[in-house]
Amino acid sequence: MSAREQRPAASDGGLSKARVVAEAVRLADREGVHGLSMRRLANELGAGAMSLYHYVASRDELLDAMVDVVFDEIELLSDDTDWMSAMRRQAISARQVLARHPWAISLMESRTTPGPANIRHREAFTACLRKAGFSIVMATHANWLLNSYVYGYALQEASLPFSTAEGLAEMTESVYLPQLPPDRFPYLNESAVGLAAAGYDPTEEFAFGLDLILAALDPLRSSADGGA
């Protein structure tokens, strides 16, 4: 059962665990997670801070539940397609979800008491790789590699000052090129001019890198490691 499907705890004044967690997610989406406190959350809910502890025992428990909501939004790996297509769809979904919840990027792998959606995703991820012929160790390598790529890309994407080809072209013209005189930085200048002229779209980088990783992993299926 997902975090969003859990039965709400008994509530007073319309409060429930589901509502508390949902409001915490909205607050983190808007302001980030570092400033999230029980008192701040209680103010948003129009409740007393102590009343929230009836639904979540601590800030850590709240973060666990919030991360589980994020996992629940990511498309679950399916058995009805080949492993590469399934991994590609899941990775693309994870990137889209993390773009909506950038505060969660650094928390996805840090929870020591993961929720049901979190565990369900990890089981499906491992099952997909094992059924595709990856050994236990190789499946673990693939898991680390793919998660590192998705989280790393999401983190970088969240900090970029542009999000489209048009935005990059405008920034190149107004910000980058003036700092890259061709006599001092010939290759950087050439790249900036050439990419802008070609209508280079930075949003295509994720799929390019993901396909390279999946293609590199494919020959490693059925590799012997003594742990299969």
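So, helices here are DSSP runs of H or I with at least four residues, strands are runs of E with at least two, and both are numbered from the N terminus. Keep in mind that this is a predicted model: local features need pLDDT of at least 70, side-chain atom pairs count only at pLDDT 80 or more, and totals for chains, interfaces and linings use all residues. Residues are numbered from 1 along each chain as its sequence is written, and side-chain values use heavy atoms, with hydrogens and water left out.

Okay, the overall picture. We've got nine helices and zero strands in the chain. The radius of gyration is 22 Å, well over the 17 Å that the globule rule gives for 228 residues, so the chain is more spread out than a compact globule. That radius is taken over C-alpha atoms, and the rule is 2.2 Å times the number of residues to the power 0.38. If you box up the C-alpha atoms along the principal axes, you get roughly 70 × 50 × 25 Å.

Now, the inside. Of the 228 residues, 39% count as buried, meaning under 20% relative accessible area, with exposed being over 50% and partly exposed in between, using a 1.4 Å probe and protein chains only. The largest nonpolar core has 61 residues, and L62, M66 and W83 touch the most other members. A core like that is a set of buried Ala, Val, Leu, Ile, Met, Phe, Trp, Tyr and Cys residues joined through side-chain atoms within 4.5 Å. Helix α6 gives the most to this core, with nine residues.

Let's zoom in on L62. Setting aside neighbours within four places in sequence, L62 is in contact (heavy atoms within 4.5 Å) with V20, V21, A24, L36, M38, L41 and V56.

Next up, D64. You'll find D64 in helix α3, residues 59-73. Is D64 buried or exposed? Buried, at a relative accessible area of 12%. Beyond residues up to four places away in sequence, D64 touches R111 and T113.

Last one, Y176. That residue sits in helix α7, which covers residues 165-176. Y176 counts as partly exposed, at 28% relative accessibility. Again not counting residues up to four places away in sequence, Y176 touches P161, F162, L168 and M171.
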